[in-house]
Amino acid sequence: MPALTVGFDLDMTLVDSRPGIAATYRALTARTGVPVDADLAVSRLGPPLRTEIAHWFPPEQVESAVHVYRELYPAYAITPTVPLPGARAAIDAIRARGGRVLVVTSKIGRLARLHLDHLGLAVDELAGDLFAEEKATALREHGATHYVGDHVADMVAARVAGVPGIGVATGPCSPDELRAAGAEVVLDDLTGFPAALDGMIQLALEQ
C-alpha cells in the first residue's frame, strides 16, 4: 500500500472562489470594454481560463485578455474567496492518518498559491495550469493515491492516473455526472470526507 497522498482540485472543491472570480471578470469588462457575463462564467468553473475567455473575446484577443485577467486577479479574487464546508477538516483528516496533501488545479500555480496562503490551507505540493488528462501527470509524479474534485474532468484525471476519483457535488457537475465520469465515491461536500476516508483508502487497496 503506497503512502496516503490525496490530491484535491482547488476551485469549488476546496474553496468557493465564485465571488472573487466574478469580481475579476467584471473588472476585466471595465478594463477592456468587452462584456463578460460574470455570473454565467462562474457557474461553469473547471476548464482552463482560456476556454472561458474564448467565449467572450475574439481569438486574436484571447491571450491579451488572459494576461489582463491574471493581472487583475490578486486584487479582486483572493479576499472574497472562502474555504468550502469541510475543507480544513478534510486536510486535517489526511494529516491525522499520516498522509500528504496535493493541490492539482487548472489555475496557474502562483494564483492558486495566493488562495492557499491567504486561507492558511497548508499543502505539501501544488501543481497548476493542468486540466483533465494533464492533471494525471502531476498525480503520478507526486504519488497520489486518490484525487478529489468537483468536475467530470477531475474524474478523468483520476482514471488516467489510475487512482480512485472522489467527487464532491459542490461545483457545476451533478452527482450522477460525476459517477458517470468514473467517480468511485461521490460526496455532497467535504464535510463527509473524514468519515469516508478509511473506505477510500480501501478503494486504493483494490486498484
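**Helix packing, domains and loop residues in a predicted model**

The axes of helix α4 and helix α6 (residues 109-119) cross at roughly 5 degrees and come within 11 Å. Axes here are lines fitted to C-alpha atoms, for helices over the stretch in contact, and angles run from 0 to 180 degrees between N-to-C directions. Helices (H or I, at least four residues) and strands (E, at least two) are DSSP runs, numbered from the N terminus.

This is a predicted model, in which local features need pLDDT of at least 70, side-chain atom pairs count only at pLDDT 80 or more, and totals for chains, interfaces and linings use all residues. Residues are numbered from 1 along each chain as its sequence is written, and side-chain values use heavy atoms, with hydrogens and water left out.

**α4 with α6**

- α4 and α6 are therefore roughly parallel to each other. Angles under 35 degrees count as roughly parallel, over 145 as roughly antiparallel, 65 to 115 as roughly perpendicular and the rest as oblique.
- On the α4 side, the contact uses R70, Y73, P74 and A77. They meet R110, L111, L114 and H115 in α6. Contact means heavy atoms within 4.5 Å.
- By class, the contact of α4 with α6 holds five nonpolar, one polar and two charged residues. Ala, Val, Leu, Ile, Met, Phe, Trp, Tyr, Cys and Pro count as nonpolar, Asp, Glu, Lys and Arg as charged, and the others, Gly among them, as polar.

**α1 with α4**

- Helix α1 (residues 18-32) packs on helix α4 (residues 62-77) at an angle of about 130 degrees. Their axes are 8 Å apart.
- The two helices α1 and α4 are therefore oblique to each other.
- Their crossing, α1 with α4, is right-handed. A crossing is left-handed if the near helix is turned anticlockwise from the far one by less than a right angle, and right-handed if clockwise.
- α1 contributes G20, I21, A23, T24, Y25, A27, L28 and R31. In α4, the partners are A65, V68, Y69, E71, L72, Y73, Y76 and A77.
- The contact of α1 with α4 has twelve nonpolar, two polar and two charged residues.

- Helix α8 (residues 152-161) is largely enclosed by the rest of the structure, because seven of its ten residues are buried. Buried means under 20% relative accessible area, exposed over 50%, partly exposed in between (1.4 Å probe, protein chains only).
- The buried residues of α8 are A153, D154, M155, V156, A157, A158 and A161.
- These buried residues pack against α7 (133-141), β6 (146-149), β7 (165-168) and α9 (175-180).
- The axes of α7 and α8 come within 7 Å and cross at roughly 50 degrees. α7 and α8 are therefore oblique.
- α7 passes α8 in a right-handed crossing.
- E133, K135, A136, L139 and R140 in α7 touch D154, V156, A157, A158, V160 and A161 in α8. This contact of α7 with α8 divides into seven nonpolar, no polar and four charged residues.
- G162 follows α8 and has a positive phi, near 75 degrees.

**Domains**

- The protein chain is divided into domain 1 (5-16 + 81-206) and domain 2 (18-78). Domain bounds come from an automatic or database domain assignment.
- The C-alpha centres of domain 1 and domain 2 lie 24 Å apart.
- In the contact between them, 16 residues of domain 1 touch 14 residues of domain 2.

**Single residues to look at**

- S17 sits in the loop between β2 (15-16) and α1. With 0% relative accessibility, S17 counts as buried.
- S17 touches D11, M12, L45 and T81, not counting residues up to four places away in sequence. The C-alpha atoms of S17 and V42 are separated by 8.5 Å, though these residues are 25 apart along the chain.
- M12 lies in the loop between β1 (5-8) and β2. M12 is buried, at 3% relative accessibility.
- Phi of M12 is positive, about 65 degrees, although M12 is not a glycine. Most residues other than glycine have a negative phi.
- A132 is another non-glycine residue with a positive phi, near 50 degrees. A132 is in the loop between β5 (125-127) and α7. Its relative accessible area is 9%, so A132 is buried.
- D39 lies in helix α2 (residues 38-42). D39 counts as exposed, at 51% relative accessibility.
- D39 and L114 are 23 Å apart in space, C-alpha to C-alpha, and 75 residues apart in sequence.
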